[in-house]
Amino acid sequence: MERLADANKNKTASTFIWDSPKTAGACGAAEPDAGPSFDDLTGSLRFSPREGRIWLDNERISLVYLSTLGAIRNELIDRLGHQEARGLLTRMGYMAGTQDAALARKLRVHSLRDAFLLGPQLHSLQGMVCAEPVHIEGDAATGHFYAEVIWHRSFDAETHLAAYGHSDQAVCWIQLGYATGYSSAFMGRPILYKEVECRATGSPHCRIIGKPLDQWDPLDTVEERRALQPEFFANRFAAGELTSPSTSTHPENPLLQTSTIPLDLVGASPGFNMTCHMLKKVADTSATVLFLGETGVGKGVFAKTLHQISSRSGRPFVALNCAAIPENLIEAELFGVEKGAFTGATQSRPGRFERAHRGTLFLDEVGTLTMAAQVKLLRALQDKEIERLGDTTSRVMDVRIIAATNEDLHAAVKAGRFREDLLYRLNVFPIHIPPLRERREDIPMLMDNFLRRFAQAYDKQITGFTDLAVDTLYGYDYPGNIRELENLIERAVILAEDHHPIDFNHLFDDEEQRGAMQLKLTPTGSLQSEQQADDNEEALLDEVLNSQTSLDDIEYQLLAEALKRADGNLAEASRMLGVKRAHASYLE
């Protein structure tokens with residue numbers, strides 16, 4: 001890749017490149033020309049001992065002894081074994097990395113290269129490792145990415161060596177998860193890192209290489225993929241269901257190299273993994289499961305997954321959207337119709353219960369059922385048998401019930417719209433699925449997944465997302481959740497030109513949606529939403545007021561900083577602050 005100087009000067013440029021200078025010290029930033037300084041990071045750290053709080057930017061953090069964290073790491077290994085401990089620690093690092101990626105784009109809006117380098121710097125600042133970037137290059141618009149980083153004094157490696165001695169495999173799990181989460185969130189697509197050298201295996205230092213997920217040979221990164229996925233995905237990897245991209249049943253998503261897991265079930269956030277953990281717990285039982293969550297969070301996809309990892313996976317999965325069936329037909333849909341039961345019933349037909357015999361019946365939007373239908377459903381659940389309309393014979397049914405709703409059923413009971421006894425029958429094992437805005441770590445994987453699927457469906461070659469599109473999709477609140485993200489990307493794929501990336505104008509159409517992401521030009525020349533700008537201004541005011549610094553001192557510090565940035569040019573410093581030259585003249 002050629003060096004593009006302009007790409008590092010303008011945030012709208014999507015290409016960045018970095019080579020470690022020969023003058024760099026042990027951690028790659030020891031010399032003045034070895035990368036951006038740490039000043040903006042150290043300036044974002046705030047301590048308030050009397051309140052018992054420490055902030056990194058607007059995020060509250062804590063100081064923890066690494067010996068304490070090391071003891072927890074060792075106990076996880078001893079209690080759970082290496083594989084499960086690795087998964088937990090990798091996902092913990094992944095979450096931290098995605099949070100830091102958002103901070104990087106916020107603090108360094110003037111340079112995409114410097115913004116990305118904030119990740120290794122933050123990694124070092126947090127005391128877990130000394131990160132030395134060797135070579136990094138990326139292009140958000142085409143999806144190209146490659147990174148090589150050397151780690152010195154890795155917490156994982158040192159802790160593992162002290163407790164277990166030399167290992168036959170790399171052990172820097174938290175750090176690897178951090179790098180994967182950071183790069184994936186920054187690039188807006190899954191980036192996977194592999195630790196190719198590790199001190200715990202006898203190497204002089206630890207070294208990692210990162211590339212887009214689909215550029216790795218799946219057979220060469222089984223352990224890395226396994227660590228990012230919930231247990232039932234990992235078990236399928238271990239069982240040998242992981243195949244090469246050419247033979248995979250899901251070639252468009254290498255994270256899901258199985259024949260049974262739904263294509264859209266991707267994620268690595270704590271909320272996603274907790275939901276998957278709950279699925280695994282209840283999968284091999286016949287307990288009724290109630291999925292709770294906002295519209296569009298993926299309740300249907302999780303329901304199908306629950307069926308597919310259960311002992312009933314070889315049997316039918318039958319779904320019914322209760323809200324989509326007219327009131328006068330819901331009973332016939334559930335229980336079936338006997339010939340002659342009513343005018344027009346010219347033949348007998350089974351209902352959803354019969355079709356789901358020995359399998360799973362998924363009742364979506366169950367809160368919309370009429371009171372009459374609720375009574376019939378309650379009886380079927382209690383007696384485990386049904387009668388077709390117009391029939392006098394009962395049929396015993398072996399059906400596992402999965403229900404879903406975006407309503408508060410307890411409130412519906414109080415309002416007299418839902419039967420309390422039916423609620424107790426359905427609410428045996430409730431699983432809450434968090435909205436997408438609470439699990440932003442999953443957005444890069446979902447973006448990549450939907451882009452690949454719709455590009456293939458519409459036979460288009462879409463190269464990726466522009467830097468602005470990545471920022472927009474990562475920062476948007478998604479009132480329609482995953483379904484809205486899916487629709488946005490489908491629309492964008494249709495609008496975008498072949499061999500070009502998706503940009504902001506491809507994502508939003510009507511004025512209401514555009515208003516939700518109305519952009520402002522910041523003083524540094526970057527674009528951000530009005531809400532982001534308002535949040536930043538509020539955070540700045542909070543910081544100033546909490547510092548208890550006098551107004552005179554704040555004014556003097558602003559003037560002094562402006563003069564410094566203007567290289568001593570008083571007129572230029574005055575223009576930065578929007579004041580007359582005379583106002584700043586006392587600094588001369």
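Guide: Helix α9 passes α10 in a right-handed crossing. The model is predicted, with local features requiring pLDDT of at least 70 and side-chain atom pairs pLDDT 80 or more, while totals for chains, interfaces and linings use all residues. Residues are numbered from 1 along each chain as its sequence is written, and side-chain values use heavy atoms, with hydrogens and water left out.

Visitor: Which residues of α9 and α10 meet?

Guide: From α9 they are Phe-272, Thr-275, Cys-276, Leu-279, Val-282 and Ala-283, and from α10 Phe-302, Thr-305 and Leu-306; contact means heavy atoms within 4.5 Å. Seven of the residues are nonpolar, two polar and none charged. Cys counts as nonpolar along with Ala, Val, Leu, Ile, Met, Phe, Trp, Tyr and Pro; Asp, Glu, Lys and Arg are charged, and the others, Gly among them, polar.

Visitor: Why is Leu-88 called partly exposed?

Guide: Its relative accessibility is 40%, and the class lies between buried (under 20%) and exposed (over 50%), with a 1.4 Å probe and protein chains only. Leu-88 therefore counts as partly exposed. It sits in helix α3 (residues 82–107), and, apart from neighbours within four places in sequence, is in contact with Leu-76 and Leu-80. Its C-alpha atom is 9.8 Å from that of Pro-270, 182 residues away along the chain.

Visitor: What makes β2 and β3 a pair?

Guide: Pairing needs at least two DSSP bridges between the strands, and four join β2 to β3 (residues 53–56), running antiparallel. Arg-46 is opposite Trp-55, and Ser-48 has Arg-53 as its bridge partner. Four residues separate the strands of this hairpin, and Gly-52 in the turn has a positive phi of about 70°.

Visitor: How many bridges join β3 to β4?

Guide: Three, again in an antiparallel arrangement, with Ile-54 opposite Ile-61. This hairpin has two residues between its strands, and Asp-57 takes a positive phi near 60°.

Visitor: Why do β2 and β4 count as edges?

Guide: The open antiparallel sheet has the order β2-β3-β4. β2 (45–48) and β4 (59–61) each have a single partner strand, so one side of each lacks a neighbour in the sheet. From one strand to the next, the twist averages 30°.

Visitor: Which residues touch the most other members of the largest nonpolar core?

Guide: Trp-151 and Phe-186, in a core of 79 residues. Such a core is a set of buried Ala, Val, Leu, Ile, Met, Phe, Trp, Tyr and Cys residues joined through side-chain atoms within 4.5 Å. Helix α6 (residues 173–187) gives the most, with nine residues. A second, separate core holds 30 residues, including Leu-361 and Val-413.

Visitor: How many helices and strands does the chain have?

Guide: There are 24 helices and 17 strands, taken as DSSP runs of H or I (at least four residues) and E (at least two), numbered from the N terminus. Of the chain's 588 residues, 50% are buried.

Conventions:
Axes fitted to C-alpha atoms, helices over the stretch in contact; angles between N-to-C directions. Left-handed = near helix turned anticlockwise from the far one by under 90°.
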